[in-house]
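Hi,

Here is the structure I promised to pass on. Have a look at it first, and then read my notes below.

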Amino acid sequence: MWDDLYFTRLWCVYEIAVFKAIKPKAPVRIIPLRLSMAIVILVVFLCCGAAAYVALFPVLAPFGIATFMLAAFGCSALALFGGALVGHDYAATKQRMVTQLLKFDIQSAECFSPDDRMEIFRKVEALFHAVKLPGHTSGLDAFNEVVRNKLGTQMLENLEQQRALIPYRFVAIGSMPFVGFFFFGVSWFRDASLYTQVVFFFYMSSFVVSAFPVTLALCMELGSRLPEAMDEDGNAMPLKTMLWDHWRSYAKISILGASLFILVWTSFAFVGAVGIANVKDGTVLGLNRSDSIWVSIICCFPVHVLAYWVFWPRKEAIERTRQMSLLQQSSATLSERVRYTRHCRLPSSIHPSSLTHPPNHPFTSLKVERTERTKRTKRTKRTKR
């Protein structure tokens, strides 16, 4: 469980050193403590949005479908507002975590007792003295390289396997209030026809399982692209300050998400399909009520496919994060760093020149080879002249 002070406490670092020395190939999962607060924020905003809709529905229902859509739009925007806030905050948390890992140095960690500090250094030196790493002569340097390379790559693999900012299980936990909203909605059509009930079941199932998580992931992704939510010292910005400084941006993102979710998808998957199912005599656009089930399936199926694409782990992400980890520690060109940063969402503010790397690092050798090739090309051109 990681927070901003974890890698600055020597005893915490010593825990990692002992574990990696005993089980060097065992994976280490680093989970930010701020993620729990992100889930709480999602639950709070989703509860507020669902409660507002339940309270407004009896009042607005007699006025027709237009007021229904307006209430659904406003309540969805309120719920998605929390997604934009969480995305902005969690992206800054990931950035601080990556920065600490890639710039890790055990000798900069703090300890209250000087005697304990020297004793831990001796223990880590003994544990990693046998580790053969090019360009490193001490066990402390070897441990630093293990944390920066192996632990950093494992952390990136855990965080960046899916296209969404956070895994589906955390989004599903944040969306739990809509499970009760699902049963509340089912009660609306308890006396309706079988076609209407089936159509509404498909809609609400897709709503809870895929449609809203995908929209929430979109708002979180857009929120993560806002300016960094950190103060001048690089520490986490309080939520109150974030809300005060960026609430307009969060509102714009939530309105965009609610527009896609309510005005686009719900208009077809719910309003259109239920409208066809309620036609007893005649047709709507050449479709009778028996076709409403197929219309509902056609409208809901793409949302499930999109959820699979957004949240399913990607195999290529593992190799991409390894390459990004190497790039951050090498003298790679700016274009190479930017290209991989766009894929891995790593902070481009981390400049490779501020990080140490072995002399025979693969990207270092590539740069030397590229430099020599450029010099040969220039000499050839001068010879031809």
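The structure holds 19 aromatic pairs, where rings of Phe, Tyr and Trp (its six-membered ring) pair if their centres lie within 6.5 Å, with planes under 30 degrees apart counted as stacked, over 60 as edge-to-face and the rest as tilted. One of them joins Tyr 6 and Phe 7: with 5.3 Å between the ring centres and 85° between the planes, this pair is edge-to-face. Tyr 6 counts as buried at 15% relative accessibility, and Phe 7 is buried as well, at 5%. (Buried means under 20% relative accessible area, exposed over 50%, partly exposed in between, with a 1.4 Å probe and protein chains only.)

Before you go further: this is a predicted model, in which local features need pLDDT of at least 70 and side-chain atom pairs count only at pLDDT 80 or more, while totals for chains, interfaces and linings use all residues. Residues are numbered from 1 along each chain as its sequence is written, and side-chain values use heavy atoms, with hydrogens and water left out.

Back to the rings. Phe 128 and Phe 143 form a tilted pair, with centres 5.0 Å apart and planes at 50°. Since Phe 128 lies in helix H4 and Phe 143 in helix H5, the pair ties together parts that are 15 residues apart in sequence. (Helices are DSSP runs of H or I, at least four residues, numbered from the N terminus.) Phe 128 is buried at 4% relative accessibility, and Phe 143 is buried with a relative accessible area of 0%. There is also a cluster, in which ring pairs link Phe 200, Tyr 203, Phe 207, Phe 212, Phe 261, Trp 265 and Phe 270.

Now for helix H4 itself. What are its buried residues? They are Ile 120, Phe 121, Val 124 and Phe 128. These cover an arc of only 105° around the axis, which puts them on the same side of H4; the arc is that of the directions from the helix axis to the C-beta atoms. They pack against helix H1 (10–22) and helix H5 (139–159), with contact meaning heavy atoms within 4.5 Å. On the face turned away from the buried side, H4 carries the exposed residues Asp 115 and Ala 126.

The length of H4 agrees with expectation too: its 15 residues (114–128) should span 21 Å at 1.5 Å a residue, and the end C-alpha atoms are 21 Å apart. The expected span here is 1.5 Å times one less than the number of residues.

Last topic, charges. A search of the whole structure finds 3 salt bridges, each a side-chain nitrogen of Lys or Arg within 4 Å of a carboxyl oxygen of Asp or Glu.

- Asp 89 pairs with Arg 34, the closest N and O atoms being 2.8 Å apart. This links distant parts of the chain, with Asp 89 in helix H3 (residues 65–102) and Arg 34 in helix H2 (residues 34–60), 55 residues apart. Asp 89 is buried at 4% relative accessibility, whereas Arg 34 is partly exposed at 22%.
- Glu 119 and Arg 122 meet at 2.6 Å, N to O. They are 3 residues apart in helix H4, so about one helical turn separates them. Glu 119 is partly exposed, at 34% relative accessibility.
- Arg 225 bridges to Glu 221, with 3.1 Å between the closest N and O atoms. Arg 225 is exposed, at 62% relative accessible area, but Glu 221 counts as buried at 14%.

Cheers

Notes. Helix = DSSP H or I, 4+ residues; strand = E, 2+ residues; numbered from the N terminus.
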